[in-house]
Amino acid sequence: MTADHVFRNARLVTMAGEGMGAIERGAVVVAGGRIAYAGPDSECPTGLSGIESTDCEGRVITPGLIDCHTHLVFGGNRAREFEMRLDGASYEEIARAGGGILSTVRATRAASEDDLVASALPRLDALLAEGVTTIEIKSGYGLTVADEVKTLRAARKLRTMRPVSVTTTALGAHAIPPEFAGRSADYIAHVINEQLPALAAENLADAVDAFCEGIAFSPDEVDRLFTAARSLGLPVKLHADQLSNLHGAALAAKHGALSADHLEYTDAEGAAAMAKAGTVAVLLPGAFYFLREKQLPPIAAFRAAGTRMALATDCNPGSSPLTSPLLTMNMAATLFRMTVSECLAGFTREAARALGKLGETGTLEVGKWADLAIWSVESPAELVYRMGFNPLHARIWRGKPC
């Protein structure tokens, strides 16, 4: 076998199949940046002498973590609004008063592309330091053609500055900008007729997202947007059922969405529709925690329906200023009662599925990118159990330590 590197004497958590796919004494062989073998060390291909070898000394290897829902690129911060919430103002009240997302819109519009890159890098570095090898980054704080283009260019630039895979999502339908106040239908027409063609012309978006909620866009408006996005060959995903049940999960499923995200108010019918369509439920415990929400996402309904569940930090300035996938997993276990296996799958296999990338990453299987996280832990459960502790020993991207 032609190979570049072999990682031996490791406990593998392959995440292949439906469980964790644990192999107690395993090895991973890398060739050309991809996995050439992942399995028992005793069955490792022969003829590997002379290639670089790493003795993992019994450490755990998982797939590199995947953060499949972030708003990593933005201007400013919203610490003042955090104070307001502590004084009793709700997220919806702040948004209706012109704060919330729109305050970040103003700061993002005022920032240059280089400003946005510089402010995003520390957040990205924090994620990489906890084993992230793939990240999704949304726009949605510019809300004009020029500012949405600027945001996604900044997101794309990040992958030239760090060893990480970046997918970008156009979220022009994130909020109604001040210049379209009271005219959400006109703004959706602007997104469809001006923003999407401009982004498609520069190939800046890998998918299209929207916020379907009473303070944002109606199901009918999202339906029109998604129809237009799919006509351009762009997959869709949806911020759905976070604050109320507008049946966003079912709407996402109708369009074959990659994912529907948040989902606190999704009903059993929505869960079943998602399962049938293969739409992944992306759960965001950071936002649930930060906003002190009470309505839990319907985990039991997702389990019963067979709906796939992913996890993400939802890193954003207003409702989840979180850059720790490890803490996110602990929150999912503690607040949502998800199992260790579900939490680990949520940041690997199912997160890859939510990005339409499962054929390339998310599990330790032959042919996939050799994106690995090597952990100094006694068991995989420790990755979910610990708080404020990072046991990452090494991050491997495309087969190379970084």
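Which residues is G21 in contact with, leaving aside its neighbours within four places in sequence? They are L12, V13, T14, M15 and A16. This is a predicted model.

**The loop at G21**

- G21 sits in the loop that runs between β1 (5–13) and β2 (22–31).
- Its relative accessibility is 28%, so G21 counts as partly exposed.
- That value falls between the cut-offs: buried means under 20%, and exposed means over 50%.
- G21 and S90 are 69 residues apart along the chain, and their C-alpha atoms are separated by 43 Å.

- V105 is part of helix α3, which covers residues 101–110.
- V105 has a relative accessible area of 1%, so this residue is buried.
- Beyond residues up to four places away in sequence, V105 touches Y141, G142 and L143.
- From V105 to D223 is 118 residues along the chain, and their C-alpha atoms are separated by 24 Å.

**Helices α4 and α5**

- Two packed helices are described by the angle between their axes and the distance between the axes.
- For α4 (residues 113–128) and α5 (residues 145–161), the angle is about 50° and the axes are 9 Å apart.
- The two helices are therefore oblique to each other.
- Angles of 65 to 115 degrees would count as roughly perpendicular, and angles under 35 as roughly parallel.
- α4 and α5 form a right-handed crossing.
- On the α4 side, the contact is made by E113, D114, L116, V117, A120, L121 and L124.
- On the α5 side, the partners are K150, T151, R153, A154, K157, L158 and M161.
- Sorted by class, this contact has eight nonpolar, one polar and five charged residues.

**Helices α5 and α6**

- Helix α5 also packs with helix α6 (residues 184–201), at an angle of about 40° and with the axes 10 Å apart.
- That angle makes α5 oblique to α6.
- The crossing of α5 and α6 is right-handed.
- From α5, the residues in this contact are V145, E148, V149 and L152.
- From α6, they are H190, E194, Q195, A198 and L199.
- By class, the contact of α5 with α6 has five nonpolar, two polar and two charged residues.

**Cysteines**

- A disulfide is a covalent bond between the sulfur atoms of two cysteines.
- How many disulfides does the count come to? The count is zero.
- The cut-off for a disulfide is sulfur atoms within 2.5 Å.
- C44 is buried, with a relative accessible area of 9%.
- C212 is in no disulfide either, and the nearest cysteine sulfur, in C68, is 19 Å away.
- C212 is buried as well, with a relative accessible area of 1%.

**Positive phi values**

- Most residues other than glycine have a negative phi, and most peptide bonds are trans.
- E57 has a positive phi near 55°, and it is a residue other than glycine.
- E57 belongs to the loop between β4 (52–55) and β5 (60–63).
- Is E57 buried or exposed? At 56% relative accessibility, E57 counts as exposed.
- D241 is not a glycine, yet its phi is positive, at about 55°.
- D241 lies in the loop between β10 (237–240) and α8 (248–254).
- D241 is buried, with a relative accessible area of 2%.

**The loop at M387**

- M387 is found in the loop between α15 (381–385) and β15 (392–397).
- Its relative accessibility is 58%, so M387 counts as exposed.
- Not counting residues up to four places away in sequence, M387 touches L327 and N330.
- M387 and R25 are 362 residues apart in sequence, and 27 Å separates their C-alpha atoms in space.

Technical notes: Residues are numbered from 1 along each chain as its sequence is written. This is a predicted model: local features need pLDDT of at least 70, side-chain atom pairs count only at pLDDT 80 or more; totals for chains, interfaces and linings use all residues. Side-chain values use heavy atoms; hydrogens and water are left out. Helices (H or I, at least four residues) and strands (E, at least two) are DSSP runs, numbered from the N terminus. Buried means under 20% relative accessible area, exposed over 50%, partly exposed in between (1.4 Å probe, protein chains only). Contact means heavy atoms within 4.5 Å. Axes are lines fitted to C-alpha atoms, for helices over the stretch in contact, and angles run from 0 to 180 degrees between N-to-C directions. Angles under 35 degrees count as roughly parallel, over 145 as roughly antiparallel, 65 to 115 as roughly perpendicular and the rest as oblique. A crossing is left-handed if the near helix is turned anticlockwise from the far one by less than a right angle, and right-handed if clockwise. Ala, Val, Leu, Ile, Met, Phe, Trp, Tyr, Cys and Pro count as nonpolar, Asp, Glu, Lys and Arg as charged, and the others, Gly among them, as polar.
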